[in-house]
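Colleague: Could you take a close look at one part of this model for me, the second chain, and walk me through what you find there?

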Amino acid sequence: MKRKITLSRRKTIFAWMCVLPVLVIRLWTTAYPVVAMSYYSLLDYDLIRRKKEFAGLQNIRNLAKNKQFLESLSFTVKFTMISICFIIVLGVALALLMKQNFGGRKLIRTVALIPWGLSMIVVSIAALWAFDDTYGIVNDLIRRIGFEGYHFTWLADKSGAQVAVIIVNIWKNVSFFAIIMLAAFQGIPGELFESARIDGASNWKILFHVSLPYVMRTFIIMIIFVGVSQINSFEIVYAMTKGGPGTTTSLLAYRLYMEATKNMNYGMASAITMVMFLVTAVYGIIGLRIYRKVDY
Amino acid sequence: MKMPKRKSAVLWIFTIIVGFIIMWPVYWIVKSSFTKQIDLFKSPIEYMPVNMTLDNYRQLMDAAGLTDYLKGTILITAASLFLSVFLCALAGYGFARCQNKGINIAFAFIMFSTMIPGTVTVIPLMTMWRRMGLSDTFSGLTILYFSLLIPFSTVMYAGFISQIPPSLEEAARIDGATMFGAFTKVILPLLKPIMATLSIINFITCLNEFFIPLMFTTKNVKVMSLLMSSIPKLNQYQMPWGAISAAGCLMLLPAILFIVIFEKNIMGGLMMGSIKQ
């Protein structure tokens, strides 16, 4: 009896030793920085003025008055919401296409993986060129399909730049969403479809009343997951627009980058991070609340 | 059961539309990388390859110092993949074989830490990395890249190992193997298939990572994802699009090659990960 207890204790100790390296690195690179960041956001911490002292909520107060910051915040919300809506609709459609058993199945699955596998920075730099007014493929294609002489300087126009950034973002992110939704759709037992068909349900009815409710949990988790990564998007604006024209496409992550690397104001940058973190957390918590309510 | 012709045709039409939207820009980058810089500035654009040339790649070698970037990516990726294969599998083993409150909380933390993006942690990490002399070093970057791979890999290994019956290791233990020995001799060899899949996915993640090298390197360490945006301009007005697309090509070709060859494994890996989570 005594030996058995020590054996199970040894097993527990061994398990902790197994998980420790990974756990320590993860705590060190994610949990600690979140705590430190929260503290920094309360400091007047500036590398140029060589200052590091407690300032309370001064940074946040400054942000609340800063017009450019508020513009970033509102564009980030707009960017995230519009992107997510399109990613959901197109992602579900693509997942349904990949699920079909037809001759092009292997082809569509391979092609759909490609945007997932490409680097966001490569996509964004390519997009900078694609949306060039004279030599880019976007205007060129529009001219070719019948709008001869079409000319629009996408990235120099306020809404043009915003639309371009969002389109590219959607192009890049639909496929990952679709792949995960495909996994979920494939987990639906076939009998469900058969009985729905026997009851005479149409394809649309089956989608909205059988398939989507069945995969609702994965669906919501993915919306949370994709949304969090959209709120924190950086590369696309860094490469495509540098936040411009003016500051119309400065996502919060880009503003944070500028504050940290150009202005070297770590206190302010941390305050921006804090706002991003709070937006992410609120979004995540609402998502999880909805997730808990779904019981299928 | 054969599909009616009309439905199949509709599916093909959608496949072609999606294929076009995805492949057209990719084709254009690849083609541009073999086109002379001067031919790239034409309107309307010439889509058929004419006057193919390797000039752009040569320019990458000479002017941009391609080999340094390749070396950095290979070193950091190889080191992080090696760490992830061994340490994440070990952690997965611990999580799969032992269940108590503490271990479960640790597992939940690792899973949810994916929700903390790099932008949130970057400033404290930069200060810490500078203080510890880790910024702009290979080891400093490797730690960050490895950390990036941990959640997905650990969760996948744990899920895979929990399907292996514990009686296998117990037999090895009775034959006198230590707990650690049972892991390396019995479990690790069984993980080969998932190791391959995870390594492919992790390789693509490492190759594509941009934010970490942007923030944590200055001049010593260079990686491929930084190459595209660091090619010297020809003159004030002209972007070196030829060389940029050649650099982009070097980034996308490995990823596309892996995807074409290992479509089934990658798909399976991503899907399995999602179901686990």
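Modeller: Happy to. Chain B exposes about 12900 Å², and carbon and sulfur atoms supply 68% of that area (accessible areas come from the Shrake-Rupley method with a 1.4 Å probe, and for residues only the protein chains shown count as cover). Please keep in mind that this is a predicted model, in which local features need pLDDT of at least 70 and side-chain atom pairs count only at pLDDT 80 or more, while totals for chains, interfaces and linings use all residues. Residues are numbered from 1 along each chain as its sequence is written, chains are lettered from A and ligands numbered from 1 in the order in which they are written, and side-chain values use heavy atoms, with hydrogens and water left out.

As for the fold, chain B has 14 helices and zero strands (helices are DSSP runs of H or I with at least four residues, strands are runs of E with at least two, and both are numbered from the N terminus). The C-alpha trace of chain B spans about 75 × 65 × 35 Å along its principal axes. Of its 277 residues, 52% count as buried, where buried means under 20% relative accessible area, exposed over 50%, and partly exposed in between, with a 1.4 Å probe and protein chains only. Among contacts in chain B with a separation of 6 or more, 75% come from residues 24 or more positions apart; contact means heavy atoms within 4.5 Å.

Now to the surface. B:Val10, B:Ile13, B:Phe14, B:Ile17, B:Phe20 and B:Ile21 form a nonpolar patch there, with about 550 Å² of accessible area together. Patches are made of residues with over 30% relative accessible area and no salt bridge, joining like charges within 9 Å and nonpolar side chains (Val, Leu, Ile, Met, Phe, Trp, Tyr) within 5 Å; a salt bridge is a side-chain nitrogen of Lys or Arg within 4 Å of a carboxyl oxygen of Asp or Glu. One member, B:Phe20, lies in helix α1 (residues 5-33) of chain B. B:Phe20 is partly exposed, because its relative accessible area is 41%.

Setting aside neighbours within four places in sequence, B:Arg97 is in contact with B:Ile161, B:Ser162, B:Ile164, B:Pro165, B:Pro166, B:Glu169 and B:Ile187. For B:Pro165, 68 residues from B:Arg97 along the chain, the two C-alpha atoms are separated by 10.0 Å.
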